[in-house]
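Subject: Structure for your files

Hello,

Here is the structure I said I would send. My notes on what was found in it follow below.

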Amino acid sequence: MSKFFFVILSILAVSLVQAGVVRSFGSGPAFEISPGIVIAGPDGHFQIGGFSEDGRPIALKAYFNGEIKNTVDKQWTFNFTLPSTMPYAYVTFESRTGYLSSFATALVISYNLQKSVADLYFSPSYNGYMRGNEHIYAVAQPGYGRESFSVLVDGNRIFKWQISPFDNSPKIFVFNLDTKDLRDGFHLFSTRESLITGQTLSSNAYIGIDNNGPEVVSFIGKDIFLSGKYEITVKATGAIPLKDISLYVKNGNESTLLSALPLKNGEAKFVINEFAGSKTFEVNVSDIAGISKVYSFVIQNNQSFVIPLVILVFTVGVVWLTFLK
């Protein structure tokens, strides 16, 4: 009996090596679907195919979203369209001969979902970064011998699902993640499949969390001597790499764009026309996740009064000395 179970475990372990292939189960004609997971095109269109295991033609039906397609062949390809409102769906295949039937299930995923390396999919609202409450789709690859499927963040398991070891179809598990429970920055997301052989299959990806966005830490202005120009240096920081910054001048309720610059090492230097007295400025700083923040500052420039005064005093002094001579 122990030898029998060893053979069964060996078969299950070998089937896991054939990544992406879904084998039929049941007493009907044997066939395979490859790949078992398909990404639909931008318009939702996708193709999915397969073949009979013994190379002989078989009668096959494909069921998808209320649509049924039939064929009799040893190799086939079906075309379907995933509706834009569906993030994913399953395609079921059936083959019959007399009273005997066999089945297989494949998975199609919307083009609009962002895939990470760790078989996690989510809506790419923030250029591949996460923010707020994220709706996440975790995908278990096809294969026999699986007992459970888990999702971990920084090594801590946050979700776990049980899987029948005799079911080799791909699975998708959906959950909500409140990213506000995580600090801003990059976190290690992992998927883990536990097998009845005691082995573990895992994949990992670092995904950025960006709830707070960038922050301006300093805003310094100085007059450029005798140039008629004024320099404003802005320094910013953030857990996610920064992208660019824009400088505006306020005039009542109106804001006028003066300049936009890329941030280099978290710093940008703006050179504008010299002004006298106080002015209110705004900066809009953004990071590569597309998150931006606006900060306001008031700068008082008194040097524009001092320099003409010095020139006037010097001129009067020269004239006075000339007159005395």
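A residue is called buried when its relative accessible area is under 20%, exposed when it is over 50%, and partly exposed in between, with a 1.4 Å probe and protein chains only. By that rule, 42% of the 325 residues of the chain are buried.

This is a predicted model, in which local features need pLDDT of at least 70 and side-chain atom pairs count only at pLDDT 80 or more, while totals for chains, interfaces and linings use all residues. Residues are numbered from 1 along each chain as its sequence is written, and side-chain values use heavy atoms, with hydrogens and water left out.

The chain contains two helices and 25 strands; these are DSSP runs numbered from the N terminus, with helices (H or I) of at least four residues and strands (E) of at least two. Taking contact to mean heavy atoms within 4.5 Å, 57% of the contacts between residues at least 6 apart in sequence join residues at least 24 apart.

Pairing requires at least two bridges found by DSSP between the strands, and β1 is joined to β3 (residues 31-33) by two bridges. Arg23 has Glu32 in β3 as its bridge partner.

Elsewhere, Ser150 belongs to strand β14 (residues 146-153). Ser150 is buried, because its relative accessible area is 5%. Apart from neighbours within four places in sequence, Ser150 contacts Arg157, Phe159, Lys160, Ser190, Thr191 and Arg192.

Regards
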